[in-house]
Amino acid sequence: MREPWVVGVSGASGTPYAAAVLGGLLDAGEPVDLIVSRAARLTVLDETGRPFRDAHWAEDLAAWLGRDLTGADVRHWPAGDLAAGPSSGSYRVRGMAVAPASTAACAGIAIGLSKDLLQRAAEVNLKERRPVVVVPRETPVTRSHLEHLIALHDAGAVVLPASPGFYGAGAAASAQQLIDFVAGKVLDALGVPHTLFRRWSGQLGAARS
C-alpha cells in the first residue's frame, strides 16, 4: 500500500527549503503528496519567477525543482480541496513536513483551524500521532507565535526553525549548502536517509579538510 510523505508549502519566504526537502525525499525514492497553499504560489512566483498551477502542477513542479519527474511518485492536492485524501486520518501517510511554515500556518495548525488542506492535513497527522515537522522561518517572532510553536511541540510536532549550521563549510558556505543543511535536518527528523550535508565528526574543521 502506498504510504507517502505529505509536504506542505506555506506562504512564508523560503521556498528553496521546500524544494530541497522535496528533492531529498525523491532522491531517497520516497512517495510524496504535495500541498502548496494559495499564498505559497505567490511566494514561489516571486522567489523563482515560475508559476505553480493546479492544472499544470507536474510541469510547474519539474521546472521549480529543475529535475525530470518521470517515474517519481508524486501526487498533488489543491490547497482548497478539503475532501482530498490527506484530509482524513484513514488516508495512509507516513507523516508530514511543512516547509517553510508561516506564522499563519503555525497558528492555524496549532489551534486546529483547518483553514485549508495544508492546515487540515497537519492537524490530521498530529491527531494520528504521525511524525510532523514544522519549519518556521519568519523572524523576529512575537509572543503569540512562540505560544503557537509551544502548542505544536506539545501536540507532538517537531519544531525545526530554518537555522542552518556552518560547520560543514564555514563562512564560505554557499546558499545551497545552508539550505540543504536545514532540509537534511528535516529528513533526519522524518527518519529518511540523505546526503544533504556532512555530519559532525567530533573533530574541528574535519568537514572542510
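A crossing of two helices is left-handed if the near helix is turned anticlockwise from the far one by less than a right angle, and right-handed if clockwise. In this predicted model, local features need pLDDT of at least 70 and side-chain atom pairs count only at pLDDT 80 or more, whereas totals for chains, interfaces and linings use all residues. Residues are numbered from 1 along each chain as its sequence is written, and side-chain values use heavy atoms, with hydrogens and water left out.

Helix H4 (residues 103–110) passes helix H6 (residues 143–154) in a left-handed crossing, helices being DSSP runs of H or I of at least four residues and strands runs of E of at least two, numbered from the N terminus. The two helices pack at an angle of about 50 degrees, with their axes 9 Å apart; axes are lines fitted to C-alpha atoms over the stretch in contact, and angles run from 0 to 180 degrees between N-to-C directions. H4 and H6 are therefore oblique to each other, the term covering angles that are not under 35 degrees (roughly parallel), over 145 (roughly antiparallel) or 65 to 115 (roughly perpendicular). The contact (heavy atoms within 4.5 Å) is made by Thr-103, Cys-106, Ala-107, Ile-109 and Ala-110 of H4 and by His-145, His-148, Leu-149, Ala-151 and Leu-152 of H6.
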